[in-house]
Amino acid sequence: MDLPDKIKLGYQDIKIEKVKSDFFNPSDNSGTFSDLKSTLYIQEGLNRYEDINVFIHEILHGILIQSGICGKGQVLEDDHHAELVTNLLANGLVGLFRDNKPLLMLIYASLHEFEEEQ
Ligand SMILES: [Zn+2]
């Protein structure tokens, strides 16, 4: 299963594009999130595990940016701090799901049940 071409994230419809690595932020050498273009870029040629890790990492950047916490005067205004928080969350979540795969099925089933109850 490949990554989707687009996802909904908060108020945005986000396109997902595979690209050759040429990102402006050296610490994001496998992906980047453009709020202005509503696009998540992921380097071509990654293995599936790296693909998911970069995907989750960039999604978390998007969530943090949308929240306003990375804005001027906010706690994650500094790009280095935002990157550290994004990294720890992405690596923590991907590790959690890798080591506890039934959790993903539980989350999926619970969200479906919730939607059916609405
Ligand atoms: Zn990053």
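This is a predicted model: local features need pLDDT of at least 70, side-chain atom pairs count only at pLDDT 80 or more; totals for chains, interfaces and linings use all residues.
**Entry 1: the fold.** I counted the elements first. The chain has three helices and four strands. I then read their order from the N terminus, and it goes β-β-β-β-α-α-α. Next I looked up the radius of gyration. It is 15 Å, close to the 13 Å from the globule rule for 118 residues, so the chain is as compact as a globular protein of that length. Along the principal axes, the C-alpha atoms fill a box of roughly 40 × 35 × 25 Å.

**Entry 2: burial and contacts.** I checked how much of the chain is covered. Of its 118 residues, 17% count as buried. I also looked at contacts with a separation of 6 or more. Residues 24 or more positions apart account for 46% of them.

**Entry 3: the core.** Which residues make up the largest nonpolar core? I found eight: Ile 14, Phe 33, Leu 40, Tyr 41, Ile 42, Val 54, Phe 55 and Ile 59. Strand E4 (39-43) and helix H1 (48-67) are the elements that give two or more residues to this core. I noted a general point beside it: in soluble globular proteins, nonpolar side chains tend to be buried together.

**Entry 4: helix H3.** I ended with H3, residues 102-117. From first C-alpha to last, its 16 residues reach 23 Å, close to the expected 22 Å. How many of the 16 residues in H3 are buried? The count is zero, and H3 is hardly covered.

Notes: Residues are numbered from 1 along each chain as its sequence is written. The expected span of a helix is 1.5 Å times one less than its number of residues. A residue is buried if 20 or more other C-beta atoms lie within 10 Å of its own, exposed if 12 or fewer, and partly exposed in between; C-beta atoms are placed from the backbone. A nonpolar core is a set of buried Ala, Val, Leu, Ile, Met, Phe, Trp, Tyr and Cys residues joined through C-beta atoms within 7 Å. The radius of gyration is taken over C-alpha atoms; the globule rule is 2.2 Å times the number of residues to the power 0.38. Two residues are in contact if their C-beta atoms, placed from the backbone, lie within 7 Å.
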